[in-house]
Amino acid sequence: MTTARPAPPHLAEPAVPGTSMTYLGGPPFRRYLFVYILAMAGITAAYGGIGAIILPLHIQDIEFAHWFTGPDATADLQRLTNLKARIEAGVATATAQEQHQLGLLASYEAARASSLSIVTAVGAIATMLVQPVAGLLSDRTRSRWGRRAPYVAGGAVLGAALLIGVRYSAGIGLMIALWALAQVAINLAQGPLNTTVPDRIPENRLATVSALSGIGTSVGALLGSVAAGLVFGILGLDSYFPFALALAVTGLLFVLVARDRSSLALQVPDANGAGLLKSFLVPLRSADFRWVWIASLTMAISYAVSNAFGLYMMQSYIQPALSAAEATRIVPVLSIVTLPGMLVSMLVTGRWSDRAGRRKPFVIGASILFAASMLVPLLWPALPALFVQAVAGGVAIGCYLAVDRALLIDVLPDRTGAAGRDLGLGGMGFSLGGAIGPVLAGQVVGLTGGYRMVWVMAILVALVATVAIVPVKKVA
């Protein structure tokens, strides 16, 4: 007579062969949570360091060399920007040479904003379908490492290699191609990594884990921006290397430490290519899923618009204007002052949402607070206003991140059989918002010749996100 082997402590074996175990607590849960947060931090460090600081500085150098040549190559952009402000205030006049350089400055401002928005947007557009496709494929993947691990490990390593390629981009065209491919690879890892949450975490801990994941995301972005601000003056463009290393190491560490059950026994229904593509329409038949997707999309647009030109705003929007070196040092400080409120709001909101069993009030309140925070720099274009907005906006985004992912999981039409596909489709909303936001912001700068209307647009789109979440019915 044989007896069934008991499940290991703190683990519930999968009910469906080839799927993941569920963590009930204890060391396995804590170990998973640690390396999951670490892997998310590795990904967001690349975006926070490279995307927010190193890439804009790289583009700025390329565009400066294009516009300021010959005797103009020694032009002081900080002095020119402050001169422009004094001329507009009617307290100064420009010499012929200064007028010539002010014309170059205007062209340079528009060019660097346009180039950054294109580089960012093309990368985001390239990744839009990656997460849902990777999710769909990982839902059907059989391997002894589980369904998600091959994508997490492969995407992290490939993304790291492509980031190194971006470092050697001497022109905007090559940079666009390599940065887009790097983001494709990173999203190939991030989509399945996110899907391990509904795979392995019970429903009564979703918002708590979502909050902790948001902390990892925020800390990673913060550490990335701080590190970039510190090392760029030392390493220059070689600053790409430490971020590439962190991405690869944290992705591999997750796969090795939080090992999944083998998916070799997974029963996968037959499907052709057309059928798989049509399956992406299935979650969109759910009205609740559509509204959550629209709300996420518009909030992502607002966030992307407001953050598209942070480094450039310090050099061109606020008064007095900062130099490039000063702005590079200040950007990490903004991230540091943002973090405490963001972390506290994530922890409090995540646990509060789980205990109350409600999601919508937290998401709506966070969207309104984010919109309100941007009124400060709109009405007061000075460096202290950027700090006020960063703190208030950080609290808002912390609340939003803590609950939004749990809300999306709550409205998934098929959490067991197609979570990877549907969460990937949800993630596509963020990618699409990240693509649209910089393009809109770049067009606003080009049309208005400044950054003020960027804040107006970000406020209006955040309010649209607020309205979009109201019709959701399945979740309170």
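Predicted model: local features only at pLDDT ≥ 70, side-chain atom pairs only at ≥ 80, totals over all residues.
Colleague: What makes α7 and α15 oblique?

Modeller: The axes of α7 (residues 206–235) and α15 (residues 383–410) cross at roughly 130° and come within 7 Å. Under 35 degrees would be roughly parallel, over 145 roughly antiparallel, 65 to 115 roughly perpendicular, and the rest is oblique. The pair α7 and α15 is therefore oblique.

Colleague: Which residues of α7 and α15 make the contact?

Modeller: With contact meaning heavy atoms within 4.5 Å, α7 brings Leu 206, Ala 207, Ser 210, Ala 211 and Ser 218, and they meet Leu 401, Ala 402, Arg 405, Ala 406, Ile 409 and Asp 410 of α15. By class, this contact of α7 with α15 has seven nonpolar, two polar and two charged residues. Asp, Glu, Lys and Arg count as charged, Ala, Val, Leu, Ile, Met, Phe, Trp, Tyr, Cys and Pro as nonpolar, and the others, Gly among them, as polar.

Colleague: How do you know which way α10 and α17 run relative to each other?

Modeller: Helix α10 (residues 287–307) and helix α17 (residues 452–468) pack at about 165°, their axes 8 Å apart. That makes α10 and α17 roughly antiparallel. Their crossing is left-handed. The contact includes Trp 291 and Met 299 of α10 and Trp 455 and Met 457 of α17. Its residues divide into 15 nonpolar, three polar and no charged.

Colleague: What makes a space inside the protein a cavity?

Modeller: On a 1 Å grid over the protein atoms alone, a cavity is a set of points where a 1.4 Å probe fits but cannot get out.

Colleague: What lines the second largest cavity?

Modeller: Lining residues have an atom within 4 Å of a point. For the second largest cavity they are Ala 39, Ile 43, Val 152, Ala 156, Ala 189, Leu 193, Leu 247, Thr 250 and Gly 251. Helix α8 gives the largest share, three residues. The lining divides into seven nonpolar, two polar and no charged residues.

How values were computed:
Residues numbered from 1 in each chain as written. Heavy atoms only, no water. Axes fitted to C-alpha atoms, helices over the stretch in contact; angles between N-to-C directions. Helix = DSSP H or I, 4+ residues; strand = E, 2+ residues; numbered from the N terminus. Left-handed = near helix turned anticlockwise from the far one by under 90°. 1 Å grid on protein atoms, 1.4 Å probe; cavity = no way out; pocket = protein on both sides within 12 Å on 5 of 7 lines; lining within 4 Å.
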